[in-house]
Amino acid sequence: MQRPLLFVVNPRAGSGRAERIWKAVEGRLRASQTAYEAVFTTPEADGYDTTLRVLRTGRYRAVVAVGGDGTANEVVNALLRTAPSLPFGVIPAGSGNDLAHGIGFPSWEAALEAVLQGTVRRVDVGRLGERYFLNAAGVGIDGVVADAANRLKGSGRWPTSLSKFVYVLLLLAKWVRFRPRSARIVVDDRVYLFHRVWLVVASNHPFFAGGMRICPGASSEDGLVDVCVVHRIGRLPFLFIFPLVYTGLHTRTPYVTVLRGRSARVRFRQVSFPVQADGEILGEEPLRLTVEPGRLWIFVPRGREELRISEEIPEPMAMLP
């Protein structure tokens with residue numbers, strides 16, 4: 001008997017959008033006679049706790065998160081601790097969906113198709129202490145904004161109609177009082193000192209915060225992390241060049257430096273800012289991260305899959321419905 005796919009659904013993601021998408025996904029799974037099981041996160045048990053609990057049975061052939069980037073982060077952290085050889089998939093149903101965008105999925109339908117076809121490849125993951133991240137980790141005003149966003153979600157005052165733009169709105173609110181500081185950044189063995197630093201974002205994919213191309217050259221398949229540093233810029237000029245981040249052209253200005261390496265450490269002078277990873281707050285700096293090359297099998301669009309399937313995961317035919 002074929003082992004089922006496990007879907008971990010966060011019905012509250014995307015201000016309830018995930019619940020509607022899941023109903024459509026479930027309809028297609030039934031129509032294709034795909035063996036699957038679904039579990040749902042709750043305010044008391046997030047994606048990490050829910051996935052950790054059910055994966056201990058050891059009866060699944062892949063794990064798929066239905067939700068946003070935060071849900072994907074929680075599920076992957078549980079997966080890599082319990083069944084790291086299983087493929088991971090994401091059905092984009094959150095407000096930003098930067099991970100799915102970076103993988104190459106324009107829609108949840110395309111992401112589901114990759115899961116059903118069983119097209120997978122190895123990708124890198126980042127690690128901060130005991131926590132893994134898939135997309136990006138940041139500090140400075142980025143961490144401040146992520147912290148404010150999480151507090152807003154927890155308060156129940158999350159603006160449903162503006163959820164996709166919450167990062168931008170909160171950034172503008174924090175921009176007024178944020179004081180950039182000097183920062184010491186170490187990438188591999190190279191030490192840099194930057195002044196008037198607004199943010200430092202280490203990225204595994206080009207996109208974060210709802211479609212911003214923060215590190216347009218970032219790749220999850222090169223064993224490296226791209227580190228974007230915004231520095232030496234005044235308050236008003238920062239506001240004026242900010243829209244360029246949606247095209248990646250901000251990296252061509254003299255106020256942005258992109259570094260690249262297998263590890264990175266960041267420490268601001270005279271102040272500590274919150275550290276975020278895939279939108280989740282992991283305490284305060286210093287930020288210390290490393291890249292674990294090829295750590296995760298992930299579903300990708302057809303044409304991007306590995307030509308050689310590792311013995312660590314089920315054979316290709318066993319992954320098909």
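# A chat about cavities, cores and rings

Colleague: What classes of residue make up the lining of the largest cavity?

Modeller: By class, that lining has twelve nonpolar residues, one polar and no charged ones. Nonpolar here covers Ala, Val, Leu, Ile, Met, Phe, Trp, Tyr, Cys and Pro, charged covers Asp, Glu, Lys and Arg, and the others, Gly among them, are polar. This is a predicted model, where local features need pLDDT of at least 70 and side-chain atom pairs count only at pLDDT 80 or more, while totals for chains, interfaces and linings use all residues. Residues are numbered from 1 along each chain as its sequence is written, and side-chain values use heavy atoms, with hydrogens and water left out.

Colleague: How many cavities of 30 Å³ or more does a search of the whole structure find?

Modeller: One. On a 1 Å grid over the protein atoms alone, a cavity is a set of points where a 1.4 Å probe fits but cannot get out, and lining residues have an atom within 4 Å of a point. Points are joined across faces, edges and corners, and the volume is the space filled by probe spheres set on them. The largest cavity holds about 140 Å³.

Colleague: Which residues are closest to its centre?

Modeller: Of the 13 lining residues, those are Leu199, Val230, Phe238, Phe242 and Val245. The elements giving two or more residues to the lining are α7 (166-175) and α8 (235-241). Helices (H or I, at least four residues) and strands (E, at least two) are DSSP runs, numbered from the N terminus.

Colleague: Switching to cores. How many residues does the largest nonpolar core have?

Modeller: It has 55, and Val200, Val227 and Leu289 have the most contacts inside it. A nonpolar core is a set of buried Ala, Val, Leu, Ile, Met, Phe, Trp, Tyr and Cys residues joined through side-chain atoms within 4.5 Å. Buried means under 20% relative accessible area, exposed over 50%, and partly exposed in between (1.4 Å probe, protein chains only). There's also a second, separate core of 52 residues, which includes Tyr36, Val63, Ala83 and Trp108.

Colleague: And what does Val227 touch?

Modeller: Skipping residues up to four places away in sequence, Val227 touches Val187, Val200, Val201, Ala202, Thr257, Val258, Leu259 and Ala264. Contact means heavy atoms within 4.5 Å.

Colleague: Why would nonpolar side chains gather like that?

Modeller: In soluble globular proteins, nonpolar side chains tend to be buried together.

Colleague: OK, aromatics. How many aromatic pairs does a search of the whole structure find?

Modeller: Eleven. Rings of Phe, Tyr and Trp (its six-membered ring) pair if their centres lie within 6.5 Å; planes under 30 degrees apart count as stacked, over 60 as edge-to-face and the rest as tilted. Trp22 and Phe40 make an edge-to-face pair, 6.4 Å centre to centre with 80 degrees between the planes.

Colleague: Which parts does that pair tie together?

Modeller: Trp22 is in helix α1 (residues 17-31) and Phe40 is in strand β2 (residues 36-40), so the pair links parts 18 residues apart in sequence. Trp22 is buried at 4% relative accessible area, whereas Phe40 is partly exposed at 41%.

Colleague: What about Phe242 and Tyr246?

Modeller: Their ring centres are 6.3 Å apart and the planes sit at 85 degrees, so that pair is edge-to-face. Phe242 is buried at 14% relative accessibility, and Tyr246 is partly exposed at 35%. Then there's one aromatic cluster formed by Phe178, Trp198, Phe238, Phe268 and Phe273.

Colleague: Now the backbone. Where is the cis peptide bond with omega of about 10 degrees?

Modeller: It joins Glu285 and Pro286. Pro286 is in the loop between β15 (280-284) and β16 (287-299).

Colleague: What is the phi of Gln270?

Modeller: It's near 65 degrees, a positive value in a residue other than glycine. Gln270 is in the loop between β13 (263-268) and β14 (274-277), and it's exposed, at 64% relative accessible area. Arg232 has a positive phi as well, near 55 degrees, and lies in the loop between β11 (225-230) and α8.

Colleague: Last one: is Leu112 buried or exposed?

Modeller: Leu112 is buried, at 1% relative accessible area. It's in helix α5 (residues 108-117). Leaving aside neighbours within four places in sequence, Leu112 is in contact with Phe7, Val25, Arg28, Leu29 and Ile91.

Terms used
1 Å grid on protein atoms, 1.4 Å probe; cavity = no way out; pocket = protein on both sides within 12 Å on 5 of 7 lines; lining within 4 Å.
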